[in-house]
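Work through the exercises below with the sequence and the model side by side. Each task is followed by a solution in steps.

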2 protein chains.
Amino acid sequence: MQPRRQHLIDTAYRLFNEHGYHATGIDWILAESGVSKATLYKHFRSKEDLILAVLQQRHEQLMALLEGAIQEAKNKGEQPVLAIFDVLDEWFATEGFFGCNFINASAEYSTAGDEIHEFAARHKRDMEQLIRDNLDNDPDGSLAAELALLVDGAVVYAHTRGDRNAAKLAKRMAEQLLTGRE
Amino acid sequence: MQPRRQHLIDTAYRLFNEHGYHATGIDWILAESGVSKATLYKHFRSKEDLILAVLQQRHEQLMALLEGAIQEAKNKGEQPVLAIFDVLDEWFATEGFFGCNFINASAEYSTAGDEIHEFAARHKRDMEQLIRDNLDNDPDGSLAAELALLVDGAVVYAHTRGDRNAAKLAKRMAEQLLTGRE
DNA sequence: ATGGTAGTGAACAGATCTGTTCACTTGTGT
DNA sequence: ACACAAGTGAACAGATCTGTTCACTACCAT
């Protein structure tokens with residue numbers, strides 16, 4: 001559709017992911033992508049607008065990825081929600097793993113009410129809802145919240161410590177929670 | 001001892017905490033603290049040096065706080081490690097809660113090998129060791145890792161979503177893990 | 001009273017930041 | 001052949017960034 005716009009989002013995603021949002025300057029994104037500054041500001045009103053576009057794309061990617069894994073598990077007759085932790089496990093093993101974009105965005109735009117912070121919060125709530133929708137017996141929703149907390153914990157554990165085992169650790173905990181309650 | 005140095009660390013801590021490390025400029029810290037720039041650079045070689053000093057102080061504070069809570073629980077005959085989650089619960093309820101400094105630092109200085117990133121990783125490992133030292137039956141150390149993952153998860157869950165219930169959620173999960181294994 | 005220590009205030013350097021503007025080019029559909 | 005859309009490249013604005021330097025002041029101990 002708009003190849004420049006998409007290319008900018010992809011390049012920005014890579015740099016934001018690795019170096020953070022404040023540390024990544026517009027000029028850097030332009031140099032890496034080979035796009036001119038005027039074009040960037042034709043497609044995005046501001047840097048914040050670009051960040052939000054990056055987060056939006058990543059949100060859609062992640063939701064699709066997890067929904068796919070859940071569906072696949074269902075087809076195989078496995079516990080659907082546990083498949084999320086297998087996705088995490090693969091993710092943590094990739095070279096380009098620098099933690100969760102949304103957690104990192106939340107850290108840099110820390111104030112509640114900030115648009116970027118709120119976007120990250122919304123993403124996390126959507127993730128939790130996805131878990132909730134795939135649990136059979138969770139009347140008050142607390143099990144979904146616990147599993148979502150495990151997901152966040154696993155990502156941060158893996159990133160800060162450089163520990164690739166975090167997903168397996170969290171999966172084992174999730175199994176315990178599920179066998180106890182479902 | 002060195003009132004200016006301490007005052008700079010305290011002011012920087014507050015601003016870094018609320019606004020992040022890159023977003024907080026030196027001039028801002030100077031304006032808030034009322035200290036001159038020359039003095040700052042007499043006490044700290046660089047901004048990174050100041051950040052590390054802030055993290056060092058926060059590390060010592062946190063370890064002392066948790067060790068105190070653990071000791072208190074021991075004296076009352078309660079499960080020592082669970083006391084950590086009560087500390088978290090109080091922390092999340094304070095107005096100045098913007099997540100964990102070390103997780104946030106890890107997010108901004110994302111690359112493994114970066115000095116700030118490594119400091120955060122060391123803090124997290126020390127925290128986990130503190131948990132490990134207060135568990136009776138954890139031969140392979142995996143229980144301590146699981147509890148540490150819960151701590152990280154609770155902090156991130158509380159911060160990104162603005163949910164003050166995360167500590168109680170994590171504590172309930174921790175209780176399950178402990179009754180299952182200890 | 002004299003020297004040392006700690007700090008101030010202000011200017012400065014040089015880089016980098018986001019964002020704007022404008023003349024020009026390139027490709028495409030009619 | 002012509003109009004239009006998309007993009008380039010470069011200059012520019014104005015702010016902000018970290019870090020340095022220097023002349024001066026206040027205080028304190030000897």
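**Exercise 1.** How are α4(A) and α5(A) oriented to each other: roughly parallel, roughly antiparallel, roughly perpendicular or oblique?

Solution. The model is predicted: local features need pLDDT of at least 70 and side-chain atom pairs pLDDT 80 or more, while totals for chains, interfaces and linings use all residues. Residues are numbered from 1 along each chain as its sequence is written, and chains are lettered from A and ligands numbered from 1 in the order in which they are written.

Step 1. Locate the helices, which are DSSP runs (H or I, at least four residues) numbered from the N terminus. In chain A, α4 spans residues 47–75 and α5 spans residues 83–93.

Step 2. Take the axes, lines fitted to C-alpha atoms over the stretch in contact, with angles from 0 to 180 degrees between N-to-C directions. The two axes come within 8 Å and cross at roughly 125 degrees.

Step 3. Angles under 35 degrees count as roughly parallel, over 145 as roughly antiparallel, 65 to 115 as roughly perpendicular and the rest as oblique. α4(A) and α5(A) are therefore oblique to each other.

Step 4. List the contact (C-beta atoms, placed from the backbone, within 7 Å). α4(A) contributes A:Leu65, A:Leu66, A:Ala69, A:Ile70, A:Glu72 and A:Ala73, and α5(A) contributes A:Ala83, A:Ile84, A:Asp86 and A:Val87.

**Exercise 2.** Find how many residues each chain gives to the contact between chains A and B, and which helix of chain B gives the largest share.

Solution. Step 1. Chain A and chain B give 41 residues each.

Step 1. On chain B, α1 (3–19), α6 (101–108), α7 (115–133), α8 (142–161) and α9 (166–181) each supply at least two residues. The largest share, 13 residues, comes from α8(B).

**Exercise 3.** By what turn and shift can chain B be laid on chain A?

Solution. Step 1. Superpose by least squares on the C-alpha atoms of residues with pLDDT of at least 70 in both copies. A turn of 180 degrees and a shift of 0.0 Å along the axis give an RMSD of 0.0 Å.

Step 1. The copies are thus related as by a two-fold rotation axis. In chain B, B:Gly153 comes closest to that axis, at 1.7 Å (C-alpha).

Step 2. Of the contact residues of chain B, 100% recur in chain A, so the same surface serves both copies.

Terms used
Contact = placed C-beta atoms within 7 Å.
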